[in-house]
Each structure stands twice: as structure tokens, then as C-alpha cells.
Amino acid sequence: MNYFKHESAIVDDGAQIGEGSRVWHFVHVCGGATIGKGVSLGQNVFVGNKVEIGDNCKVQNNVSIYDNVYLEEGVFCGPSMVFTNVYNPRSLIDRKDQYLDTRVKRGASLGANCTIVCGITIGEYAFVGAGAVVNKDVPAYALMVGVPAKQIGWMSKYGEQLDLPLSGDGEVGCAHTESRYILKGNGVTCIDVKSKE
Ligand SMILES: CC(C)(COP(=O)(O)OP(=O)(O)OC[C@H]1O[C@@H](n2cnc3c(N)ncnc32)[C@H](O)[C@@H]1OP(=O)(O)O)[C@@H](O)C(=O)NCCC(=O)NCCS
């Protein structure tokens, strides 16, 4: 075993967990899960069967990652944030064949106690503020807050707001790295001139 597992954690047979990952107190990982390298699963995290977690993701305490949730590399899941996989659950109606996929792209952050309604994609390096309820696709680098979540700005890879309007044309550099961010229409792209990240 080339990852750390606290003695109170349960990792079911068949689960794939990459080198250098850390599985903390009272975690349960189901047998079908695929977890990359350098991942941290905080206290009381649950990971379902049909789940993929990319390298270097950080999952804070009390997060359940249910079936049909897919996290790319470097995703941050804040404490007690909530994923879902059934859009309209009813205890008396079986909807196990109606799970909707939720995809979180590389580098995105999901703030403490936020809720992600299933069936959506959160773009690269998007940032969901604490307590937000996200029920629509989120563009790359977008900063989303509130219930329902609305975009209030753009967030750099470094994790600071970019001085750009929500739409139009613009370009701005990061004060901490060599990255430049280009706004065209409703989307931001990043050029890493000389990446320090
Ligand atoms: C989004 C965040 C990073 C702040 O970013 P920021 O660029 O400093 O933004 P500001 O604080 O200037 O806020 C801009 C506006 O959005 C509002 N806002 C910020 N975060 C908010 C949130 N989570 N929910 C609702 N509104 C929020 C502010 O009140 C402010 O509104 P105003 O202009 O009417 O005063 C921070 O509020 C946040 O939610 N961080 C997540 C913390 C977390 O979950 N950590 C987990 C690990 S412990």
C-alpha cells in the first residue's frame, strides 16, 4: 500500500487509490472508486462506487462524493459541501437508474457548505463561494455566490478576483504569477506565459 490510511477508515476491496494519498479518520471508500495520487480525504468523507477523483484533489471533512460525481485533477471540496445525484428524489420511488452526472473540471474550488445540484459541469478553476447553491453549468474561472448561485466575477488560478467585467473584452495579469487572463464575450481563458504554479 503506497498511500496512508488511518486505522478507522474503511476502503472496500477493489478501490484504486494512488500513491501518496491520505485517507483520514472514519472515511469510507467503496470498491468501485478510482482515486488519484496525492489526494486527501478528510475526516468522515464518503466515496461511492461510480466516482473518479483526480490527482491532488483535497476533500475536506464531512463530504459525500456519490455515484456519478467526477472530479478532475486539483479540485478543492470545502468542508461539509454537498454533491447530489438524483434530481427529484422521492423515498417511495426508485430512481437508482436516473443518476445524473456531475463533473468538476481541473483546479475548481467548491466552498464550505455549498450544494451542487446534479447534472451540471463546473468549469476549470471556477470558484464556488461558501454556502452557494449551484444549479447550472459554471464557466471556467467564474466566481459564483449565493442561492441560487450567480456569477459575480472571475477568479484567477491563484484564487483572487480578476479585474474584469462579467462580459465584453479585456485582459489582465495575475499579481502573483506570470499568468494572463483574456476575456472574450462571456468566457475567460488563461495564458501561462511562464508558469510558476
Ligand atoms: C468568495 C470569497 C473567496 C471572497 O472573495 P472576494 O474576492 O474577497 O470577494 P468579496 O469578499 O470582495 O465579496 C464580493 C461580494 O460578494 C459577496 N460574497 C462573498 N462571498 C460570498 C458568499 N460566499 N456568499 C454570498 N455572498 C458572498 C460579498 O458580500 C460582496 O458583496 P458586496 O459587494 O455586496 O459587499 C469568500 O467569500 C468565500 O466564499 N470563500 C470560501 C471559503 C471556504 O469555503 N473555505 C473552505 C476552506 S476552510
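1. P165 makes contact (heavy atoms within 4.5 Å) with W154 and L183, when residues up to four places away in sequence are not counted. P165 sits in the loop between β23 (161-162) and β24 (168-173); strands here are DSSP runs of E, at least two residues long, numbered from the N terminus. At a relative accessible area of 43%, P165 is partly exposed, a class that lies between buried (under 20%) and exposed (over 50%), with a 1.4 Å probe and protein chains only. T115 is 50 residues from P165 in sequence, and the two are 26 Å apart in space, C-alpha to C-alpha.

2. On the basis of the model: it is predicted, so local features need pLDDT of at least 70 and side-chain atom pairs count only at pLDDT 80 or more, while totals for chains, interfaces and linings use all residues. Residues are numbered from 1 along each chain as its sequence is written, and side-chain values use heavy atoms, with hydrogens and water left out.

3. The ligand is surrounded by F76, P79, G111, A112, F127, G129, A130, L143, V145, I152, M155 and Q161, where a residue belongs to the shell if one of its heavy atoms lies within 4 Å of the molecule. This shell divides into nine nonpolar residues, three polar ones and no charged ones. In this scheme Ala, Val, Leu, Ile, Met, Phe, Trp, Tyr, Cys and Pro are nonpolar, Asp, Glu, Lys and Arg are charged, and the others, Gly among them, are polar.

4. A polar backbone atom of A130 is 2.9 Å from a ligand nitrogen atom. For Q161 a polar side-chain atom lies 2.8 Å from an oxygen atom of the ligand. The ligand taken alone exposes 910 Å², of which the protein buries 40%; these accessible areas come from the Shrake-Rupley method with a 1.4 Å probe. β21 (142-145) and β22 (150-155) are the elements that give two or more residues to the shell.

5. V145, in strand β21, is one of the residues around the ligand. V145 is partly exposed at 31% relative accessibility. Beyond four places in sequence, V145 touches G129, A132, K150 and I152. E178 lies 33 residues from V145 along the chain, with 27 Å between their C-alpha atoms.

6. The largest nonpolar core has 51 residues, and L41, I53, L71, F83, L110 and I122 touch the most other members. Such a core is a set of buried Ala, Val, Leu, Ile, Met, Phe, Trp, Tyr and Cys residues joined through side-chain atoms within 4.5 Å. At least two core residues come from each of β9 (51-53), β12 (69-71), β21, β25 (179-185) and β26 (187-192). Leaving aside neighbours within four places in sequence, L110 is in contact with F76, C77, G78, M81, F83, V104, I116, I122 and V128.

7. Some backbone geometry deserves a look. Most residues other than glycine have a negative phi, and most peptide bonds are trans. The V147 to P148 peptide bond is cis, with omega near -10°, and P148 lies in the loop between β21 and β22. F26 has a positive phi, near 65°, in the loop between β4 (22-23) and β5 (28-29), and is exposed at 51% relative accessible area. N62 has a positive phi of about 70°, in the loop between β10 (58-59) and β11 (64-65), and is partly exposed at 39%.

Technical notes
Polar contact = N/O pair within 3.5 Å; in protein donor to acceptor, adjacent residues only side chain to side chain. Helix = DSSP H or I, 4+ residues; strand = E, 2+ residues; numbered from the N terminus.
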